[in-house]
Amino acid sequence: MSLLQELGAQLRATSDELPTGLVTVAMERLRSATELLNWVRQTSVDPIGVPQLGNAVEHAEHAAAALRLAQDAITAYLAAVGLGGDPGTGDRDWREALKPADEPAPPPPDAAPPPPEKLGSWWRKRVEELTGEAPPAAEPAAPEPGKADAAELLRRLAGGVRSGDRARLGRDLHAVSASSGLALSAVTPPVLRRLAGDLLGHEPRADDVGRLRSATTGRVKSLLPGAPPAVLETLIARVCRAPAPEGAQTHPADSAVTASVLTGVLLARLGRDASSLDPAAPEPLREPDRARKPGNNA
Amino acid sequence: MASVAEVRAAVDAALQQVAESQAAIQAAREKLGEAQQSLAAALDGSANDAVGAAHTSLSQADQQLEECLGATLLAVEQAQTYTATL
């Protein structure tokens, strides 16, 4: 390897390892928190931190944009010194989003057990409204479900969506705690962007909104008959980095559930299994010159 | 019908998401610092405009992340003050 090749490899590695994935994770968690607090404060004059969280999201967006500019500048430099044309290691954002969160420190031995979750019935009620599937009859002594890993839950839900089984989707959603379910809205956006990019054959752009809408709306609606149409529209607009439609306030569960179903629909369109959403899975083969037709079933 | 316990639980769930975002921001800033050092070492002495642009963008990213973290701290404080009044 020549000195110049070595410099090029080092710069590519630096560019690939820029923390775009972590910034995306932070941004989506902040969005999810904002959505939830906004719902809580709907009729209150107390801002409960919502404007500050809005500022935080904006700063995270600017940081993500600055990182992309840095990557572009490194690519431009490599091209200027005659080292252009070598692809990087691909989009890592979705892998970062699906990595399991660090385990929290174990509580001290004499600590009281954590209080049971108080949002279980609130979550199940909305899941029933969205899916049309009633929660299973609860056993009187059944404990509230514990915290589930969001990535694992997403894979499970996407598997149910692929099979088109609304009853299974309802059961899977009823079986998790509200906090586990709500966490889905933070892990899905980079996954959706990646899958949409694979379906379209290029990075999703604002003018792809119509194509993605026609490729997904029917199937999402059949699985979530109670979901307000604006939720899917907003998700697709975000995937395409297009302005999201202005609209009425939606329930915080809507975005989490709809985004998970959309993930499963996109996987089905791509003919991929839910296990391909493993951050350790090898990169699926991409055929840049042969974009799939989003209107057709894969 | 909603109860104080439910409102508090919803705010707590939101604050949990904020805490996870704060951890991600801190990890991102650490990685960014390493990238800045690596870039400075590799491109020391370069007068190429793209190199200056890369350094500037990385500094801006770090500054934005710092301000993002500051905004989340204010948000958490305000939300906790609110739940204390419930």
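This is a predicted model: local features need pLDDT of at least 70, side-chain atom pairs count only at pLDDT 80 or more; totals for chains, interfaces and linings use all residues.
**Entry 1: the two helices of chain B**

I started with α1(B) and α2(B), whose axes come within 10 Å and cross at roughly 160°. Axes here are lines fitted to C-alpha atoms, for helices over the stretch in contact, and angles run from 0 to 180 degrees between N-to-C directions. That crossing makes α1(B) roughly antiparallel to α2(B). For the angle words, I noted that under 35 degrees counts as roughly parallel, over 145 as roughly antiparallel, 65 to 115 as roughly perpendicular, and the rest as oblique. Helices (H or I, at least four residues) and strands (E, at least two) are DSSP runs, numbered from the N terminus.

Next I checked the hand: α1(B) passes α2(B) in a left-handed crossing. A crossing is left-handed if the near helix is turned anticlockwise from the far one by less than a right angle, and right-handed if clockwise. I then sorted the contact of α1(B) with α2(B) by class and got 17 nonpolar, 6 polar and 3 charged residues. In this sorting Ala, Val, Leu, Ile, Met, Phe, Trp, Tyr, Cys and Pro count as nonpolar, Asp, Glu, Lys and Arg as charged, and the others, Gly among them, as polar.

Residues are numbered from 1 along each chain as its sequence is written, and chains are lettered from A and ligands numbered from 1 in the order in which they are written.

pLDDT is the predictor's confidence in each residue, from 0 to 100. Chain B has a mean of 93, with 99% of its residues at 70 or more. Chain A averages 84, and 81% of its residues score at least 70. For the complex, the predictor gives an ipTM of 0.95 and a pTM of 0.80.

**Entry 2: where the chains meet**

Two residues are in contact if their C-beta atoms, placed from the backbone, lie within 7 Å.

**Entry 3: helix pairs in chain A**

I looked at α9 (residues 184–200) and α11 (residues 229–239) of chain A, which pack at about 70° with their axes 9 Å apart. α9(A) and α11(A) are therefore roughly perpendicular. Pro189(A), Leu192(A), Arg193(A) and Ala196(A) of α9(A) meet Leu235(A), Arg238(A) and Val239(A) of α11(A). That gives 5 nonpolar, no polar and 2 charged residues.

I then turned to α5 (residues 120–131) and α7 (residues 166–174) of chain A, whose axes come within 10 Å and cross at roughly 165°. α5(A) and α7(A) are therefore roughly antiparallel, and α5(A) passes α7(A) in a right-handed crossing. The α5(A) side brings Arg124(A), Val127(A) and Thr131(A), while α7(A) brings Arg166(A), Leu169(A), Gly170(A), Leu173(A) and His174(A).
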